[in-house]
Amino acid sequence: MIKKGITRQIVLHYFFVVFLALLLVEFVFMLAVQRYYYESIYNTISTHISNSKDFFEPIARENTTEDGNNLSRLLVNLALSNTELEILDLNGRVLASSTAFESDRAVLQTSDIMQALNGDMGRWIGRQPGTGESVMAVSHKFDLGGENTYVIRYLTSLEDVNSKLLNMGLLAAAVGVGVLAIVLIISIGMANSIVRPINNITAVSAQMARGRLDVRVKGNYKHELGELASTLNFMAHEIVRSNQIKDDFISSISHELRTPLTSIKGWSETLDSGGYDPEETRIGMGIISKETERLIGLVEEMLDFSKLQQNQMKLVKGTVNIREIVQETMLNVWAKAEQKQVHLKLETDETRAYNVHGDGNRLKQVFLNVVDNAIKFSHENSWIFLSVKEENGQIIAAVQDTGIGISEEHLIKVRDRFFQVNHQNGGTGLGLAITQELVELHEGTITMQSELGSGTTVTVTLPAVSEEMGPEESVTASGDAEVTDERTASDASDTKSDLEKS
C-alpha cells in the first residue's frame, strides 16, 4: 500500500487518467472492430441479394409457375453458404426455409421484415427465439410478377464473430493491464523523485526552524525544486548574516552607549566629591553635555530607523532650496572639518534656486549624514567637493571626497542596516540606511561610487519643482536649520559668505 501523501496523490492521479484513457480507447476499438465485422457480413449478404434480385426477378416474371415451384427455385437459386434462407409472405409467415422446418415456424415480425416490406434492405441483430443464439437477419422483397411477391430473408449466426471479438477484448484488456502496471511503476518512481527532495527540504527547514542555521539543503535538484532549495539555503545564509550584523550592532551600540555613560558617570562622581574648582567644573560640565548630546543622537538615530521600518515617519513637506540646505550642512560640520584639517568646497550656480518639494529638516539630515561620513573617512589636509546642479528636471547634489574609499565587496552592503565597514569608527551602522529611506520617501535616489584608496562620491537625486518660491516657503525650508557649533549667528553668517566666495 502507498502511504497517504503527495506520492499517493500523484500515483492515483496518473493511474486514474491512464485508466480512463485506456478504457475509452479499448471501448472505441472494440466498437470499431465489431462494426467492421458486422458491416462485412451485412455487405456480403446485401450484395448477394442485390445481384440475385437483378438476375432472378426478370427470369421469374417470364416463367411464372406454381407457387411451390417458385419457392423451390428461390431456395435453390438464392442459397448462400453459412446462412439460412427463409422465404416469407407479405404477412411475415415463413413459407419455406433452407432448413426445411418452415411448417413449424410462426409469423415473424422483426424490424428487418418491416423494412423489407417498405422496399428497403432490412437488417436486424438479436437473439434467435428458442435457441438464444446471436444472429443477424437481412431481408428484402422479391417481386416475381402477379401475386408472387415474397420477402427473402437470410439468417446467419454471429456466435463465431462474437467469440473472436471476445478474445480480442480479453487481449486488449490484458494489454491495458500491462500498460497500467507500467504506468504504476513509472508514476511511483516519478512521484518519489519529487517527494524525496521535498522530504529532504522539509527536514532541513525543520532543523532551521529549531535554530540549526548551519545546515543546508544538499543535492543538485532541477527546476522548481532546485529554486526552492537555493532559496531556502539563501534564506538561511541571510538569516545568519543578519544575526551576525545584529550581534555586531548590539556589541557596537553597547560600546557606543557605554563610552559616554562612563564619562558622564566619572565626571558626575568627580563633581560630587567636592572641591568645585571652577575650571575643572567647566570642563566636566562640558564633557557631560557633549556626551549627553551624543547619547541623544544615538537614540534618535535608532528611533528614526524604527519609524522608517514601521512606515511611521511623518514628513512636513514644503518647497526646499537644496543649495541652502547644503550650505547649512557645511556650516554645521565646519568645526569638525577644521579639527581634522579637511577643506570643504561648494560648486553651484548662486543665481539659481534648486527647489524640491520635501521636508527641510529630513533633507538636511540626509546631507549631514553624507558629509559627516565623508569627513570621518577623509585624510588630513584633503578636500571634499560638494556640488548642486539641475539636469532633466532633477536636482543632483553630489558629495565627493578623496578619502580611504570603499571596496567593491563592502560597497554593495554599505547601505544595509547595522552594517559597518570598520567598527572602530563607532556609530550604529544605521546612518546610510536611514539616509536612503529618507531619500526614497522624497521620491529620489541615492547612488554611491567608490574606489578603495581613491575616495567616494555620493549622489542624491531629487525631483525638481518650479524656481518660483514664496517667502514663507523659503523660511520653512531654512528656518528650522540650526547652527550646531558654538559660534554666534553673525559668525555663522560670515562663514557662509566665505563659503560662497570659495
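**The mixed sheet and its surroundings**

Modeller: Five strands make up an open sheet, ordered 7-9-10-12-11, in which the pairing is mixed. Its edges are strand 7 (343–348) and strand 11 (445–451), each of which pairs on one side only. From one strand to the next, the twist averages 15°. Strands here are DSSP runs of E, at least two residues, and helices are runs of H or I, at least four, numbered from the N terminus; two strands pair if DSSP finds at least two bridges between them.

The model is predicted: local features need pLDDT of at least 70, side-chain atom pairs count only at pLDDT 80 or more, and totals for chains, interfaces and linings use all residues. Residues are numbered from 1 along each chain as its sequence is written, and side-chain values use heavy atoms, leaving out hydrogens and water.

Within the sheet, strand 10 (residues 394–401) is paired with strand 12 (residues 455–463) in the antiparallel sense, over seven bridges. Ile 395 faces Leu 462 of strand 12. Helix 7 (residues 322–339) packs on this sheet and touches strand 7, strand 9 (383–391), strand 10 and strand 12; contact means heavy atoms within 4.5 Å. The direction of helix 7 makes about 170° with that of strand 7. Angles run from 0 to 180 degrees between N-to-C directions of lines fitted to C-alpha atoms, for helices over the stretch in contact. Helix 8 (residues 360–376) lies across strand 9, strand 10 and strand 12, and runs at about 25° to strand 10.

The largest nonpolar core contains 37 residues. Such a core is a set of buried (under 20% relative accessible area, 1.4 Å probe, protein chains only) Ala, Val, Leu, Ile, Met, Phe, Trp, Tyr and Cys residues joined through side-chain atoms within 4.5 Å. Ile 322, Val 326, Leu 344, Ile 384, Leu 386 and Val 388 have the most contacts inside this core. At least two of its residues come from each of helix 7, strand 7, helix 8, strand 9, strand 10, helix 10 (431–441), strand 11 and strand 12. Leaving aside residues up to four places away in sequence, Val 326 touches Leu 346, Phe 367, Leu 386 and Val 388. A second, separate core comprises 23 residues, including Tyr 38, Ile 87, Val 138 and Leu 165.

For comparison, another open sheet of five strands has the order 2-1-5-4-3, with antiparallel pairing. Strand 2 (94–97) and strand 3 are its edges, each with a single partner strand, so one side of each has no neighbour in the sheet. Neighbouring strands of this sheet are turned by 25° against each other on average, direction ignored. Strand 1 and strand 2 run antiparallel, joined by three bridges, and Glu 86 stands opposite Ser 97 in strand 2. Glu 84, located in strand 1 (residues 84–88), is buried at a relative accessible area of 13%.

As for the whole, the protein chain has twelve helices and twelve strands, and 37% of its 502 residues are buried. Of the contacts between residues at least 6 apart in sequence, 66% join residues at least 24 apart.

How values were computed. Buried means under 20% relative accessible area, exposed over 50%, partly exposed in between (1.4 Å probe, protein chains only).
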